[in-house]
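Below are my notes on the model, arranged as numbered points. Please read them with the structure open.

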Amino acid sequence: MVRDNTHNMSKQRITALDPDTATGKAKELFNAVQGKLGMVPNMMRAMGTSPALLNGYLSLSGALSEGSIRPGLGEQIALAVANANACNYCNAAHTFIGEKLAGLKMAAIDLAREGRSTDAREQAAITFARILVEKRGLVSDIDVAAARSGGLDDAAIAEVVGHVALNVLTNYFNNTAGTVVDFPEVELVEAASV
């Protein structure tokens, strides 16, 4: 498959709402995000054009944050998936969040972009996440067994699927919207794309 990188537009294709002038459900959701993050990132401002989408994203993200996969590993999965899907926005956002909020070292972040980790359990989760993306969810018994032998139990395997689904949603949304990156930009790892 030939990768078409023309999706990187100079102008955002889905309008990012202004949190100050938003109304209704979008305004409620923006206020919640502002209260938690101290800002409303461009991705969420664009998602706010459909409060149903933004609410679904926030709900799944919140639910997964209460799972057995710690935030740092969630960010590593997000980075691996962002690079697999060539999502500049998510690559930048999760680099920033991984370092500043989840406490990941830059070495771990750099490895995650490549789909790697020095920790065996993290590597099992990241590898399984990449396989999910590559196979579009059609994993084999061998893939699941490898995740288990890497230290993931059924809950962790299920949550990796959830993290991948959440990140595929944001990757596809940002690549469609042409979301303007409002985090420090970071180069995608070309070798990591699938």
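1. On exposure, a residue is called buried under 20% relative accessible area, exposed over 50%, and partly exposed in between (1.4 Å probe, protein chains only). Arginine 136, at 68% relative accessibility, is exposed by that rule. Arginine 136 sits in the loop between helix 7 and helix 8, and has a positive phi of about 50° although it is not a glycine. Helices here are DSSP runs (H or I, at least four residues), as strands are runs of E of at least two, and both are numbered from the N terminus.

2. The model is predicted, so local features need pLDDT of at least 70 and side-chain atom pairs count only at pLDDT 80 or more, while totals for chains, interfaces and linings use all residues. Residues are numbered from 1 along each chain as its sequence is written, and side-chain values use heavy atoms, with hydrogens and water left out.

3. A positive phi of about 50° is also found at alanine 86, again not a glycine. Alanine 86 belongs to the loop between helix 4 (71–84) and helix 5. Is alanine 86 buried or exposed? Alanine 86 is buried, with a relative accessible area of 8%.

4. Two packed helices are described by the angle between their axes and the distance between the axes. The axes are lines fitted to C-alpha atoms, for helices over the stretch in contact, and the angles run from 0 to 180 degrees between N-to-C directions. Angles under 35 degrees count as roughly parallel, over 145 as roughly antiparallel, 65 to 115 as roughly perpendicular, and the rest as oblique. A crossing is left-handed if the near helix is turned anticlockwise from the far one by less than a right angle, and right-handed if clockwise.

5. Helix 7 (residues 120–134) and helix 8 (residues 141–149) have axes that come within 8 Å and cross at roughly 160°. Helix 7 is therefore roughly antiparallel to helix 8. The crossing of helix 7 past helix 8 is left-handed. Contact (heavy atoms within 4.5 Å) is made by Ala124, Phe128 and Ile131 of helix 7 with Asp143, Val144 and Ala147 of helix 8. By class, the residues of this contact are five nonpolar, no polar and one charged. For these classes, Ala, Val, Leu, Ile, Met, Phe, Trp, Tyr, Cys and Pro are nonpolar, Asp, Glu, Lys and Arg are charged, and the others, Gly among them, are polar.

6. Aspartate 143 in helix 8 deserves a look. Aspartate 143 is buried, with a relative accessible area of 11%. Beyond its neighbours within four places in sequence, aspartate 143 contacts Phe128, Ile131 and Lys135.

7. Helix 7 also packs on helix 9: their axes come within 10 Å and cross at roughly 50°, which means that helix 7 is oblique to helix 9. Here the crossing is right-handed. From helix 7, Arg121, Ala125, Phe128, Ala129, Leu132 and Val133 meet Ala156, Ile157, Val160, Val161, Val164 and Val168 of helix 9. The contact of helix 7 with helix 9 has eleven nonpolar, no polar and one charged residues.

8. Helix 1 and helix 3 have axes within 9 Å of each other, crossing at roughly 30°, and are therefore roughly parallel. Helix 1 passes helix 3 in a left-handed crossing. Lys25, Ala26, Leu29, Phe30 and Val33 of helix 1 meet Pro51, Leu54, Asn55 and Leu58 of helix 3. These residues divide into seven nonpolar, one polar and one charged.

9. A nonpolar core is a set of buried Ala, Val, Leu, Ile, Met, Phe, Trp, Tyr and Cys residues joined through side-chain atoms within 4.5 Å. Which residues touch the most other members of the largest core? Among its 23 residues they are Met43, Met44, Leu54 and Tyr57. Two or more residues each come from helix 1 (24–37), helix 2 (42–47), helix 3 (51–64), helix 5 (88–100) and helix 9 (154–177). Another core, of 20 residues, lies apart from it and includes Ala84, Leu132, Ala147 and Ala156.

10. Leucine 54, in helix 3, is buried at 0% relative accessibility. Not counting residues up to four places away in sequence, leucine 54 touches Leu29, Phe30, Met44, Met47 and Gly48.
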